[in-house]
Amino acid sequence: MRSVTMKDIYQHSITQKYVRRSGMAHAISVAFHAYELALSYKVNPDWAAKAGFLHDIGHYQWFRNGEWDYQLYRAYDIHPIKGAERAHKLLVRLGEDKQAAKEIAHAILFHTESALPEGNVQLNDLQRVIHLADEKDKQPGDSHHYRHMDKQKELQLIELIDEKIDHSLTAGMNV
Ligand SMILES: [Fe+2]
Ligand SMILES: [Fe+2]
C-alpha cells in the first residue's frame with residue numbers, strides 16, 4: 001500500500017499552484033511516459049510517475065504577466081534545483097517514504113542539463129526515465145508548457161495512473 005497517491009499530490013495546493021504554472025497537461029503526460037518507461041527499465045513505477053508529474057514544479061520566476069520570459073529562462077534557469085527541493089518538501093509533508101522522496105527529488109534534479117555542470121553525468125535508471133519521459137513530451141517552441149486540458153480530464157487521468165501503479169505494484173513489476 002502506497003502512503004501517498006498521485007491523487008494526493010495532484011490535489012495539494014502546492015501542486016495546483018506550481019505544477020499548473022508550468023503546465024498540468026505536460027506534467028500528466030510526462031507522468032504517463034515515465035510510468036510506461038519505468039516498466040521497461042524495471043524501476044519503481046510509483047517513483048517514476050511521481051517524479052514525472054512533479055519534474056517541472058521548480059518553475060516560477062520566469063513566468064511574467066502570463067507568459068514565459070524565454071530570455072530569463074534560458075539565461076538563469078535553475079528549475080531542476082528548485083523543483084527537487086519543492087517536490088521533496090511536498091512529498092515529505094504528505095507522508096511519503098523518505099527513501100522514495102529522496103530518489104524522486106534526485107530524478108527531478110537531473111531531468112534536464114540546465115542545472116548541471118559540463119561533462120558526462122552518469123544517470124541512474126530512474127533519472128534516465130524521467131529525462132526521456134520529459135523529452136518525449138516536448139514540443140516545438142516549448143508549447144508543451146501551454147497545452148490545455150480540462151480539470152475533469154486531469155483528475156480522470158490521475159485516477160487512472162494511480163490504478164495502473166497499484167496494479168503494477170501488486171503484480172510485482174517494480175523492483
Ligand atoms: Fe524541466
Ligand atoms: Fe518538462
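Author: Trp47, Ala48, Ala51 and Gly52 in helix H4 meet Leu126, Val129, Ile130 and Ala133 in helix H8; contact requires C-beta atoms, placed from the backbone, within 7 Å. Helices are DSSP runs (H or I, at least four residues), numbered from the N terminus. By class, this contact has seven nonpolar residues, one polar and no charged; Ala, Val, Leu, Ile, Met, Phe, Trp, Tyr, Cys and Pro count as nonpolar, Asp, Glu, Lys and Arg as charged, and the others, Gly among them, as polar.

The model is predicted: local features need pLDDT of at least 70 and side-chain atom pairs pLDDT 80 or more, whereas totals for chains, interfaces and linings use all residues. Residues are numbered from 1 along each chain as its sequence is written, and chains are lettered from A and ligands numbered from 1 in the order written.

The axes of H4 and H8 (residues 125-137) come within 10 Å and cross at roughly 45°; axes are lines fitted to C-alpha atoms, for helices over the stretch in contact, with angles from 0 to 180 degrees between N-to-C directions. H4 is therefore oblique to H8, since angles under 35 degrees count as roughly parallel, over 145 as roughly antiparallel, 65 to 115 as roughly perpendicular and the rest as oblique.

H4 also packs with helix H3 (residues 24-41) at about 155°, their axes 7 Å apart, which makes the two roughly antiparallel. Their contact holds 14 nonpolar, two polar and no charged residues. Among the residues that meet there are Ala27 and Ile28 of H3 and Pro45 and Phe53 of H4.

Technical notes
Two residues are in contact if their C-beta atoms, placed from the backbone, lie within 7 Å.
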